[in-house]
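These are my notebook entries from a first look through this structure. I wrote down what I looked up, in the order in which I looked.

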Amino acid sequence: MNRNLARVVATLLGALAVVLPALAGAYPLQVARNVMLYMALAITWDMLLRSGQISFGIAGLFGLGAYASILGVIRAGMPAWASIPFAAAFSALAALLIGYLILRLRGMYFSIVTLALAEIFRIVIHNLHDFTGGPEGIVAPAGVIFGGSASGLYWLALVGLAVALGASIWFEKSKFHFALTAIRDNEIAASSSGVDIFRWLLATFVITSGIQGLLGGIFVQSYGFATPDSVFSADFTLLPLAMALLGGIHGTVGPIMGAVLLGVASEWLKLQMPYGHLVVYGIIIIIVILFMPRGLYGLARKMARPAEGRAE
Amino acid sequence: MAMKRRATILAALSAAATILILLWKPSVINNGIQQAGLYAAIAIPMGLVLGIVHIVNLAHGEFMMVAAYATYFACRATGMDPLLAVLPSAAVTAAFGWVVFKLTIKRALKAPELNQLILTFGIAIALTQAVNILFTSQTFKLQLDYVSASIDIGEDTFPVWSYVFVAFAILYAAGLKLFLTRTTIGKAALAVGQNPKGAAIVGIDVNRVYGLVFALALALVGAMGALFLTKQSIFPSVGSPYTMKSFCLVAVAGIGNIPGILGASLLLGISEQVLRGFRDTRAWADIVFFVLIIAVILGRSIKWRKS
């Protein structure tokens with residue numbers, strides 16, 4: 001019953017996503033693109049969270065992918081479409097190096113080092129100004145991918161979301177699910193049952209960071225320029241985190257719910273409060289952690305469960 | 001024995017490095033020590049909270065930022081000198097921190113460690129952005145004559161005002177040492193830090209100790225907020241690098257090792273100033289702490305594997 005309902009909702013949402021470009025104008029499409037971008041980031045953040053590791057470095061790997069993409073076009077002469085997978089590979093490689101170093105001490109240490117990543121990458125981009133354009137940023141001479149066609153950019157963002165969704169569902173169905181859940185529940189029990197914790201965590205960190213880099217590439221190619229302040233913006237850490245927490249963590253459905261709710265709300269908030277609208281996300285994070293750590297999806301499932309019991 | 005020998009070698013090496021830098025560029029040592037004082041005085045309260053309440057407060061620097069803003073507007077309204085505001089700022093920040101602790105962090109004490117991290121991250125964002133809404137991202141600075149005080153030695157001029165940070169850092173470290181070993185509350189706090197369950201069994205009100213220690217740490221941060229304002233300009237995100245650097249210093253020193261924070265700060269402060277001493281490397285000084293924390297994590301993981 002419940003599963004059928006979920007399938008119907010998923011099909012409807014998928015159908016809506018496919019027909020949207022035919023129905024909506026440029027502005028709704030842009031809003032939809034933003035929502036899809038943040039949704040994909042929220043899903044990737046949650047994928048790592050399923051192992052019990054919290055990353056505050058989404059903006060860092062996202063921004064790194066953005067710069068890899070635009071510099072790939074400008075300095076290496078890549079075609080714009082090819083620079084996007086290159087961005088994914090670059091962020092994944094960076095995550096491999098960093099993860100190899102910092103995943104040895106997990107928990108708190110990992111989280112706090114990732115908190116510094118966006119700032120560190122930004123300083124590096126600032127300082128290599130001959131290569132990266134420095135604080136002023138850099139503009140792709142060829143301009144926006146697909147000549148800026150609204151539906152083209154929409155499809156590109158949808159592809160980014162599909163990659164994140166696909167990876168997340170694959171994680172739920174494959175051995176990753178068991179390994180990550182075991183690590184989250186009890187590391188000692190997991191390692192004594194033969195789970196190689198370090199390798200699973202490293203693989204998860206690399207995969208999620210690669211997708212974040214891919215999304216960064218899509219983002220930067222959709223605007224045609226990058227500045228350190230725009231691509232390493234705290235928004236890219238904060239919004240996905242708030243979305244996944246509000247919707248419900250440790251699964252694919254929660255982040256989707258949270259992203260739809262907060263994504264639409266954030267477009268409205270940005271117009272209402274151009275400065276400091278992020279305070280809302282800070283407060284959402286505090287309230288969710290204190291009062292409903294399983295998020296809205298967890299709450300809904302809790303409410304649905306007694307009803308199911310009666311039906312049986 | 002091996003530990004002792006290694007410590008001696010380390011001390012000798014750092015003394016040699018210091019003398020070399022002193023001969024080459026005395027101002028680097030002068031600035032480095034002052035910078036270290038600022039870092040240490042901000043990191044010590046974080047070390048206290050982490051050591052006893054076992055919480056990484058990611059809103060640490062943000063509380064200092066709020067204290068600095070409060071002091072700035074109080075000083076501008078009354079024409080008071082921020083030095084006079086050090087004690088009031090400490091009291092107000094402690095009260096504010098205690099309320100925030102009761103309302104939020106206390107409820108998450110039993111939650112998994114990572115929930116606490118997300119919670120204090122949320123508090124940090126809420127504080128920064130609330131200040132951003134109220135006062136915009138404009139920078140504020142007080143113009144004070146005495147902060148440009150300096151001493152001339154030979155041909156060089158050495159600014160000396162920031163030694164007040166060094167004095168506070170030493171005061172904090174020594175004061176906390178006395179507090180934790182000589183007073184009843186301090187001993188209770190130390191016991192709670194070592195084993196909350198055992199402390200509760202012998203009749204210590206653990207939750208009250210947590211609240212008190214958090215408020216005490218915030219009083220120290222509040223005093224630093226007022227002091228910080230004498231020298232630096234303030235803006236909403238001014239606190240966040242200090243949160244990161246404080247954690248780095250606490251991690252380098254080892255949790256529960258407050259005097260160690262002084263040494264770690266010296267290392268960070270002087271290394272940053274060495275990089276700032278060259279035109280080409282100046283802009284890289286801000287990533288020293290990151291390199292330091294990665295080195296520490298690697299060092300720890302190697303040590304763990306050996307044992």
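Entry one, the contact between the chains. I found that the contact takes 33 residues from chain B and 32 residues from chain A, where two residues are in contact if their C-beta atoms, placed from the backbone, lie within 7 Å. On the side of chain B that touches chain A, α5 (113-135), α10 (240-253) and α12 (288-306) each supply at least two residues, and α5(B) gives the largest share, 15 residues. Helices here are DSSP runs (H or I, at least four residues), numbered from the N terminus. By class, I noted 22 nonpolar, seven polar and four charged residues on this side of chain B; Ala, Val, Leu, Ile, Met, Phe, Trp, Tyr, Cys and Pro count as nonpolar, Asp, Glu, Lys and Arg as charged, and the others, Gly among them, as polar.

A note on the source. This is a predicted model, in which local features need pLDDT of at least 70 and side-chain atom pairs count only at pLDDT 80 or more, while totals for chains, interfaces and linings use all residues. Residues are numbered from 1 along each chain as its sequence is written, and chains are lettered from A and ligands numbered from 1 in the order in which they are written.

Entry two, one residue. I looked up A:Ile285 and saw that, leaving out residues up to four places away in sequence, A:Ile285 touches A:Leu241, A:Ala242 and A:Leu245 as well as B:Ile118, B:Phe121 and B:Gly122.

Helix α6 (residues 163-182) of chain B and helix α11 (residues 258-276) of chain B have axes that come within 9 Å and cross at roughly 160°; axes are lines fitted to C-alpha atoms, for helices over the stretch in contact, and angles run from 0 to 180 degrees between N-to-C directions. α6(B) and α11(B) are therefore roughly antiparallel to each other, a word kept for angles over 145 degrees. The contact is made by B:Ala169, B:Ala173, B:Leu176 and B:Lys177 of α6(B) with B:Ile258, B:Pro259 and B:Leu262 of α11(B), and I counted these residues by class as six nonpolar, no polar and one charged.

Helix α2 (residues 26-49) of chain A and helix α7 (residues 150-173) of chain A pack at an angle of about 20°, their axes 9 Å apart. α2(A) and α7(A) are therefore roughly parallel to each other, as angles under 35 degrees count. Among the residues that meet are A:Leu29 and A:Met36 in α2(A) and A:Leu153 and A:Phe171 in α7(A).

Terms used
Parallel < 35°, antiparallel > 145°, perpendicular 65-115°, else oblique.
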